[in-house]
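Biologist: I am new to this structure and would like to learn how to read it. Could you take me through some features, one at a time?

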Amino acid sequence: MIAKNGTGKTSLLKILSGEDQPDQGEVNYRKSIKTAFLPQEPNLNPNLSIEETIFASDNEVLKIINEYEKALKNPEDTESMQKAFDLMEAKQAWDFETTYKQILFQLKLDDLEKQVKYLSGGQKKRLALATVLLDKPDLLILDEPTNHLDLEMIEWLESFFKKENFTLFMVTHDRYFLERVCNEIIELEDGQLYNYKGNYSYYLDKKEARVEVEKTNTDKAKQLYKKELDWMRRQPKARTTKSKSRIDDFSEIKAKASKRRKDHVVQLEINMERMGNKVVELHNISKSYEGKELFNKFSYNFQPGERLGIIGKNGTGKSTFLNTLTGAIKPDSGKIVIGETIKFGYYTQKGIQAKENQKVIDVIREFGDYIPLKKGRQISAQQLLERFLFDRKKQYDYVEKLSGGERKRLYLCTVLIQNPNFLILDEPTNDLDIVTLNVLENFLLDFPGCLIVVSHDRYFMDKIVDHLFVFRGKGVIEDFPGNYSDYRVYEESAPNETASTEKESKPKNDWKTSNEEKKLTYNEQKEYKKLERDISKLEKEKEKLQQEFLKELTEEEIKDKSIALQKLEDSIEEKTERWFDLLAKMEE
């Protein structure tokens with residue numbers, strides 16, 4: 001299900017799961033259907049351990065195991081024994097212990113004795129996920145299931161859902177997840193439900209077609225409205241029955257003609273402070289916690305306009321790295337040099353800390369009433385909020401009334417209006433709806449400063465970043481020259497014997513700085529670097545050209561642009577193939 005934040009997605013899921021009741025109407029379930037619900041904030045007993053939580057759940061298999069254990073104590077009751085044995089066979093309950101331990105292992109919940117009260121918010125969500133997966137319901141209702149999962153966990157969950165026979169109904173902003181798991185998408189927009197019998201790509205195509213049809217119908221209605229308005233003005237007071245019918249139709253036409261699509265697109269051209277040549281330099285920085293090495297003698301120089309993505313398993317030091325970079329945490333050794341003109345904007349996972357009875361507009365005005373834009377223009381706090389999908393009425397709501405996603409959107413707004421030229425986003429996509437994600441992506445694609453993004457949203461990363469820092473653990477950070485999909489292709493094509501001992505002995509493996517050590521000639525090294533620049537430039541041209549198709553075009557213009565787009569795609573494919581050839585040669 002796709003809808004904007006604050007339109008009632010979570011409320012609907014709670015009604016479907018039986019946790020809440022509708023004001024009117026009813027929810028009818030097929031007899032004996034078994035449902036399970038994963039909320040955003042699970043309600044777990046804090047005094048139970050991880051393993052006890054699994055066994056305390058209302059799981060049918062656990063009841064069968066319990067009955068079987070009772071039957072074992074009374075072997076003379078052969079009928080009960082046979083019945084219990086047959087149920088164990090039917091539900092494959094023999095392997096339950098192995099199954100739940102495998103799922104907990106995949107979700108990084110290895111310490112089975114650890115009490116729930118000592119778990120982080122993310123660990124609690126993962127434990128609740130494990131519980132509903134083990135329940136094997138007929139209908140599984142999920143509210144943002146990929147939040148608090150790292151990329152490896154998300155890919156495991158995708159494959160798990162593909163092989164399990166569940167009916168899934170979920171709200172998620174993870175577009176690759178929608179693409180690979182869902183075969184039907186429901187969109188809630190302006191109080192209307194739209195059904196699409198396909199995955200996310202199918203939804204995008206069909207939605208675009210629907211919007212075009214609506215626009216055409218609205219344009220026709222406007223023309224008819226003008227004609228009917230003229231007729232209404234010319235009519236005498238005494239009207240026939242036929243005239244009255246036409247007056248009623250006029251009201252309906254007027255409503256259609258007045259309809260406006262409420263698609264907001266953020267196009268903020270913030271006039272940020274100019275960056276000098278010196279941005280941020282990391283010189284041999286190291287950091288450990290409780291004997292666990294997070295990064296070791298890591299060096300890197302950020303360049304103006306750099307767009308970096310950070311990936312890695314939970315607990316490998318991603319957030320610590322960002323806090324060290326911004327000065328919130330001191331490195332154990334090494335130094336960080338920050339350029340004089342650099343102004344950080346740091347979106348953390350903590351979110352917004354609003355004062356009691358504070359309104360949305362007041363939160364923004366704490367940072368000023370106006371924000372400077374390019375070419376001497378400016379934007380007011382109210383206009384800024386509108387661009388971030390808060391209409392004038394919503395701006396005067398109290399912050400405590402906002403949904404989780406709306407609070408995240410407001411927090412993002414407070415970070416951006418401080419006019420940073422070095423923007424750091426730590427898991428910005430959590431709790432944001434797809435509409436807001438598209439808004440954020442459009443802004444970031446236009447953002448001229450430096451950008452670092454930590455996210456498990458693969459679609460978002462692919463669209464925004466140019467290269468990755470891969471946190472391998474044990475102090476190893478690798479620099480990969482491409483986005484997440486490029487990285488997955490590279491990983492899958494690499495030989496299985498990835499010498500882990502070699503990785504552990506090297507503090508970092510940097511594709512950029514290690515080119516000289518690889519088996520490339522001088523000219524090939526130059527070609528490799530040029531290909532990276534060319535591919536990036538062509539991708540931007542392709543994106544720009546694709547946007548042109550959204551405008552009103554003649555048949556001839558569509559034909560010309562289609563030919564140009566095909567040429568661009570062919571060129572990108574050709575250069576990318578050559579880039580991979582050189583990369584493979586480097587790794588021989």
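Biologist: Which side chain makes a polar contact with Glu 51?

Modeller: In this predicted model, the side chain of Glu 51 is joined to that of Tyr 100 by a polar contact of 2.3 Å. Glu 51 itself sits in helix 2, which runs over residues 50–56.

Biologist: Which side chain does Glu 306 meet in a polar contact?

Modeller: That partner is Tyr 300, and the two side chains are 2.3 Å apart at this contact. Glu 306 belongs to the loop that runs between strand 7 (292–301) and strand 8 (307–312). Its relative accessible area is 9%, so Glu 306 is buried. Beyond four places in sequence, Glu 306 touches Tyr 300 and Asn 301, and also Gly 449, Cys 450, Leu 451 and His 467.

Biologist: Now to salt bridges. How many are there by the rule you gave?

Modeller: The count is 26. One of them pairs Lys 136 with Glu 164, with 3.2 Å between the closest N and O atoms. Lys 136 is in the loop between helix 6 (121–135) and strand 2 (139–143), while Glu 164 is in the loop between helix 7 (151–163) and strand 3 (167–171), so this pair ties together parts 28 residues apart in sequence.

Biologist: Is Lys 136 buried or partly exposed?

Modeller: Buried would require a relative accessible area under 20%. Lys 136 has 45%, so it is partly exposed. Lys 394 has 23% and is therefore partly exposed as well. Lys 394 forms a salt bridge with Asp 397, at 3.9 Å from N to O.

Biologist: Which residue forms a salt bridge with Lys 207, and where do the two lie?

Modeller: The partner of Lys 207 is Glu 189, and their closest N and O atoms are 3.8 Å apart. Lys 207 lies in helix 9 (residues 200–234) and Glu 189 in strand 4 (residues 185–189), so the pair links distant parts of the chain, 18 residues apart. Both Lys 207 and Glu 189 are buried.

Biologist: Which residues are linked in a network of salt bridges?

Modeller: Such a network links Glu 158 and Asp 174 with Arg 180 and Arg 458.

Biologist: How should I read residues that are far apart in sequence? Where is Tyr 347, for example?

Modeller: Start with the strand, then look across to its partners. Tyr 347 is in strand 10, which covers residues 344–347. Its relative accessible area is 1%, so Tyr 347 is buried. Glu 427 is 80 residues along the chain from Tyr 347, yet their C-alpha atoms are separated by 8.3 Å. Outside four places in sequence, the contacts of Tyr 347 include Lys 408, Tyr 411, Leu 412, Val 415 and Glu 427.

Biologist: How far apart are Gly 6 and Gly 404 in sequence and in space?

Modeller: They are 398 residues apart in sequence and 8.4 Å apart in space, C-alpha to C-alpha. Gly 6 is in the segment before helix 1 (9–17). Beyond its neighbours within four places, Gly 6 is in contact with Ser 403 and Glu 406.

Biologist: What do the totals for the chain look like?

Modeller: The chain contains 21 helices and 17 strands. Of its 588 residues, 44% are buried. Among contacts with a separation of 6 or more, 68% join residues 24 or more positions apart. The chain exposes about 32600 Å², of which carbon and sulfur atoms supply 47%.

Biologist: What pLDDT does the chain average, and where is it below 50?

Modeller: The average is 81, and 86% of the residues score at least 70. Residues 257–266 have pLDDT below 50, and this stretch has 25 contacts in the model beyond near neighbours in sequence. Residues 497–518 also stay under 50, with 36 contacts beyond four places in sequence. Where pLDDT is low, predicted coordinates should not be read in detail.

Terms used. Residues are numbered from 1 along each chain as its sequence is written. Side-chain values use heavy atoms; hydrogens and water are left out. Helices (H or I, at least four residues) and strands (E, at least two) are DSSP runs, numbered from the N terminus. Buried means under 20% relative accessible area, exposed over 50%, partly exposed in between (1.4 Å probe, protein chains only). Contact means heavy atoms within 4.5 Å. Accessible areas come from the Shrake-Rupley method with a 1.4 Å probe; for residues, only the protein chains shown count as cover. A polar contact is a pair of N or O atoms within 3.5 Å; within protein, one must be able to donate a hydrogen and the other to accept it, and residues adjacent in sequence count only if both atoms are side-chain atoms. pLDDT is the predictor's confidence in each residue, from 0 to 100. A salt bridge is a side-chain nitrogen of Lys or Arg within 4 Å of a carboxyl oxygen of Asp or Glu.
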